[in-house]
Amino acid sequence: MDWYPLVNSLRVALISSVIVFFTGIAAAWYTSKLPTTIKGIIDVILTLPLVLPPTVMGYFLLRLLGPKRLIGAWILENFGVRLSMVWYSAIFASVVVSFPLMYRTARGAFESLDKNLVYSAQILGLSNTYTFWKIIMPYCKKGITAGTILSFARALGEYGATSMISGYTPGRTATISTTVYQLWRTGNDSLAMKWVLINLAISFIVLIAVNIIERGRK
């Protein structure tokens, strides 16, 4: 049994989770401090990938990152790096579809923050950086952790956008999700079921972790 789809899926999900962790937290923190009207507009834009079909997001990515498109062509011409139909293309897809989960969860955590903690830190003369990482983040850590785990799970199971921007090449771009589809399409149900069970086991562990975190918040 070729374990490449599992290895590739895990590295894509891990890299995506790191990117989404920092970008989602930054977007959530700065958005939470904006006026209501502006916050609402930005919130819609940043959450849009959560409700759009993944194939639509994959189409948008191809329009941007394809070898004959604006960004993709420029990167290929100047750096010789393809942004589509390679294993790391799946990272772009995973970041886009999992970002809203991290953003929404982090924003909810920040909005529930006791503002007196921030005011106290300001009175004590603590820097904004110190206040954010040493006071705010520990206070919101359960929500942030839950968002990170959910983003990882979403990235791990991503199929629609990944199949369009990364494709399916055994040993090169295959992920668990694209492998299951290809195995089913070619009639190899027994092997497809093995990958389904592996994905179920990982998802089960992720959900248990989220439930443990949620119970800890009560």
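Reply: Happy to. One term to begin with: a residue is called buried when its relative accessible area is under 20%, exposed when it is over 50%, and partly exposed in between. Also, keep in mind that this is a predicted model.

Me: Got it. Which residues of α10 are buried, then?

Reply: They are Ile 176, Ser 177, Thr 178, Thr 179, Val 180, Gln 182 and Leu 183. That makes seven of the ten residues in this helix, which runs over residues 176-185, so α10 is mostly covered.

Me: And what comes just after α10?

Reply: Gly 187 does, and it takes a positive phi of about 85° there.

Me: What does Asn 199 touch?

Reply: Not counting residues up to four places away in sequence, Asn 199 touches Leu 156, Ile 176 and Ser 177. Asn 199 itself is found in helix α11, residues 189-217.

Me: Is Asn 199 buried or exposed?

Reply: Buried, because its relative accessibility is 18% and the cut-off is under 20%.

Me: New topic: how many residues are in the largest nonpolar core?

Reply: It has 22 residues. Those with the most contacts inside it are Ile 25, Phe 110, Phe 132, Ile 136, Cys 140 and Ile 144. The elements giving two or more residues to this core are α1, α5 (89-111) and α7 (128-139).

Me: Which of them gives the most?

Reply: α5, with nine residues. There is also a second, separate core of 17 residues, and Ala 192, Ile 202, Val 206 and Ile 213 are among its members.

Me: Back to Phe 132. What is it in contact with?

Reply: Leaving aside neighbours within four places in sequence, Phe 132 is in contact with Ile 25, Trp 29, Phe 110, Met 137 and Pro 138. Phe 132 also forms one aromatic cluster with Trp 29, Phe 110 and Trp 133.

Me: Nice. How many aromatic pairs does the whole structure have?

Reply: A search finds twelve. Take Trp 29 and Phe 110: their ring centres are 5.2 Å apart and their planes are at 75°, so this pair is edge-to-face. Trp 29 lies in helix α1 and Phe 110 in helix α5, so the pair ties together parts that are 81 residues apart in sequence.

Me: Are those two buried or exposed?

Reply: Trp 29 is buried, with a relative accessible area of 17%, and Phe 110 is buried too, at 2%.

Me: What about Val 20, where is that?

Reply: Val 20 is found in helix α1, and it counts as buried at 0% relative accessibility. Its C-alpha atom is 9.2 Å from that of Leu 101, which is 81 residues away along the chain. Beyond its neighbours within four places in sequence, Val 20 is in contact with Ile 25, Val 95, Ser 98, Phe 99, Met 102 and Ser 151.

Me: And Leu 113, what does that touch?

Reply: Trp 29, Val 118, Ile 136, Tyr 139 and Cys 140, not counting residues up to four places away in sequence. Leu 113 sits in the loop between α5 and α6 (115-123), yet it counts as buried at 5% relative accessibility.

Me: Last one: which residues form a nonpolar patch on the surface?

Reply: Met 1, Trp 3 and Val 7 do, with about 320 Å² of accessible area together. Met 1 is in the segment before α1 (4-32) and is partly exposed, with a relative accessible area of 48%.

How values were computed. Residues are numbered from 1 along each chain as its sequence is written. This is a predicted model: local features need pLDDT of at least 70, side-chain atom pairs count only at pLDDT 80 or more; totals for chains, interfaces and linings use all residues. Side-chain values use heavy atoms; hydrogens and water are left out. Patches are made of residues with over 30% relative accessible area and no salt bridge: like charges are joined within 9 Å, nonpolar side chains (Val, Leu, Ile, Met, Phe, Trp, Tyr) within 5 Å. Accessible areas come from the Shrake-Rupley method with a 1.4 Å probe; for residues, only the protein chains shown count as cover. A salt bridge is a side-chain nitrogen of Lys or Arg within 4 Å of a carboxyl oxygen of Asp or Glu. Helices (H or I, at least four residues) and strands (E, at least two) are DSSP runs, numbered from the N terminus. Buried means under 20% relative accessible area, exposed over 50%, partly exposed in between (1.4 Å probe, protein chains only). Contact means heavy atoms within 4.5 Å. A nonpolar core is a set of buried Ala, Val, Leu, Ile, Met, Phe, Trp, Tyr and Cys residues joined through side-chain atoms within 4.5 Å. Rings of Phe, Tyr and Trp (its six-membered ring) pair if their centres lie within 6.5 Å; planes under 30 degrees apart count as stacked, over 60 as edge-to-face and the rest as tilted.
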